[in-house]
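Here's a quick briefing to read alongside the structure. Have the sequence and the 3D view open, and work through it topic by topic.

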Amino acid sequence: MRSQPVHGIVTKLRVVTCREVLTFVSEMTETEHPYILIIEDDESTGEAVAFHLRRAGFAPRLEIDGLAGLQALKSGLPAVLVLDLMLPHIDGWHLIREVRSWAPNLPIIVMTARTNEHDRVEVLGLGADDVVSKPFSMRELVARVTAAVRRASVAQLDAERQEITAGDLVIDPDRLAVTIAGQPIDLTPLEFKLLWVLTEHRGRALSRDVIYQRVWRAERGHGDRSVDVLVRRLRRKVDEIGGAYTYVQTQHGVGYRFDAMLRQMPAGAVRGATAEEPRPSAHSSLHPSLAR
């Protein structure tokens, strides 16, 4: 086994196996400390909830008004949303309606002092998954959050094990198989991991740092061009074969995103041609798994 210097450190080259990719696909949604967003205008209550959730192994974030809570939701979905109804700027009812329009599967637990049956039924009808009445037991709330995370994880894992289809491309995560217009595409395990990461966030651009962390489970070093090299290799197989769609799109100033887009063929263009990413120079760093 050869050694390759990377960032001044000699590291062993290692082949990524199909078994590792299967494990990677299964664990994509698992996090050591699930992120819980709490929206509660009573800071003492919110901080107490955050304290108990943190002790239970979660990563809570507290916002004290509806507008800040909505901005937090749009910056990244939590594993569970825990919110009060009576909030400044944007109330809980509006937040539930808003979130359900673009995050239909997000678990929502409502904390409320409104205990009559009509209010509880109304909140559940809007799309909340659970309601706890104030004052409540912190142990019970933590148990409800834990159960919501567990249910959501199982549901998401089941969904991820299904085939993903976009344009003419089909991904079978169980077989680690990719086809385009019915023709099998031979991807390496690393190329499959990259494709899976991008499709997990389809339509949303991911930075090189995020892609590197998700594919190699490590921090990207300064000047490392491994992501660009791996993207170029993947594009040769899924974008440059003359199909009706391109899939790996560049979002300048941000990174890359997965989007099935009908190929635009200007007059005189060569079918299958795509814009080349800048090639890394001889001085650029690469992850050892990409060395040849």
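The protein chain exposes about 15600 Å², and carbon and sulfur atoms supply 52% of that area. Keep in mind that you're looking at a predicted model. The chain has 292 residues, and 44% of them count as buried. Its secondary structure comes to nine helices and 14 strands. If you take the contacts with a separation of 6 or more, 60% of them are between residues 24 or more positions apart.

- Start with α3 (residues 66-75) and α4 (residues 92-102), whose axes come within 11 Å and cross at roughly 10°. Because that angle is under 35 degrees, α3 counts as roughly parallel to α4.
- On the α3 side, the residues that meet α4 are Gly66, Leu70, Leu73 and Lys74. On the α4 side, they're Leu95, Glu98, Val99 and Trp102.
- Sorted by class, this α3–α4 contact has five nonpolar, one polar and two charged residues.
- Now move on to α5 (residues 117-126): its axis and that of α4 come within 9 Å and cross at roughly 25°. That makes α4 roughly parallel to α5 as well.
- For the contact with α5, α4 brings Trp93, Ile96, Arg97 and Arg100. They meet Glu122, Val123 and Leu126 in α5.
- By class, the α4–α5 contact has four nonpolar and three charged residues, with no polar ones.

**The β12-β14-β13 sheet**

- Three strands make up an open sheet here, in the order β12-β14-β13, and the pairing is antiparallel.
- Which strands sit at the edges? They're β12 (206-207) and β13 (245-251), each of which pairs on one side only.
- β12 and β14 (residues 255-262) run antiparallel and are joined by two bridges. Look for Ser207, whose bridge partner in β14 is Gly255.
- A helix also packs on this sheet: α9 (residues 226-238) touches β13 and β14, and its direction makes about 160° with that of β13.
- How many bridges pair β13 with β14? There are six, in the antiparallel sense.
- To find your way along that pairing, look for Tyr245, which stands opposite Leu262 in β14.
- β13 and β14 form a hairpin, with three residues between the two strands. In the turn, Gly253 has a positive phi of about 85°.

**Helix α8 and what comes just after**

- In α8 (residues 208-216), the buried residues are Ile211, Tyr212, Arg214, Val215 and Trp216. Note that an arginine, Arg214, is on that buried list.
- Just after α8 comes Arg217, which takes a positive phi of about 55°.

**Ile64 in its loop**

- Ile64 is found in the loop between β4 (59-63) and α3.
- Is Ile64 buried, exposed or partly exposed? Its relative accessibility is 35%, so Ile64 counts as partly exposed.
- Setting aside neighbours within four places in sequence, Ile64 is in contact with Glu40, Asp41, Glu43 and Pro88.
- Ile64 and Ile38 are 26 residues apart in sequence, and C-alpha to C-alpha they're 8.3 Å apart in space.

**Backbone spots to check in loops**

- There's a cis peptide bond from Lys134 to Pro135, with omega near -10°. You'll find Pro135 in the loop between β7 (130-133) and α6 (138-160).
- Leu176 isn't a glycine, yet it has a positive phi of about 55°. Its place is in the loop between β9 (169-172) and β10 (177-180).
- Ala181 is another residue other than glycine with a positive phi, this one near 50°. Look for Ala181 in the loop between β10 and β11 (183-185).
- Where does Ala181 stand on accessibility, buried or exposed? Ala181 has a relative accessible area of 55%, so it counts as exposed.

Technical notes: Residues numbered from 1 in each chain as written. Predicted model: local features only at pLDDT ≥ 70, side-chain atom pairs only at ≥ 80, totals over all residues. Heavy atoms only, no water. Helix = DSSP H or I, 4+ residues; strand = E, 2+ residues; numbered from the N terminus. Buried < 20%, exposed > 50% of the residue type's maximum accessible area, 1.4 Å probe, protein only. Contact = heavy atoms within 4.5 Å. Areas by Shrake-Rupley, 256 points an atom, 1.4 Å probe, with all protein chains shown as cover. Axes fitted to C-alpha atoms, helices over the stretch in contact; angles between N-to-C directions. Parallel < 35°, antiparallel > 145°, perpendicular 65-115°, else oblique. Nonpolar A, V, L, I, M, F, W, Y, C, P; charged D, E, K, R; others polar. Pairing = 2+ DSSP bridges.
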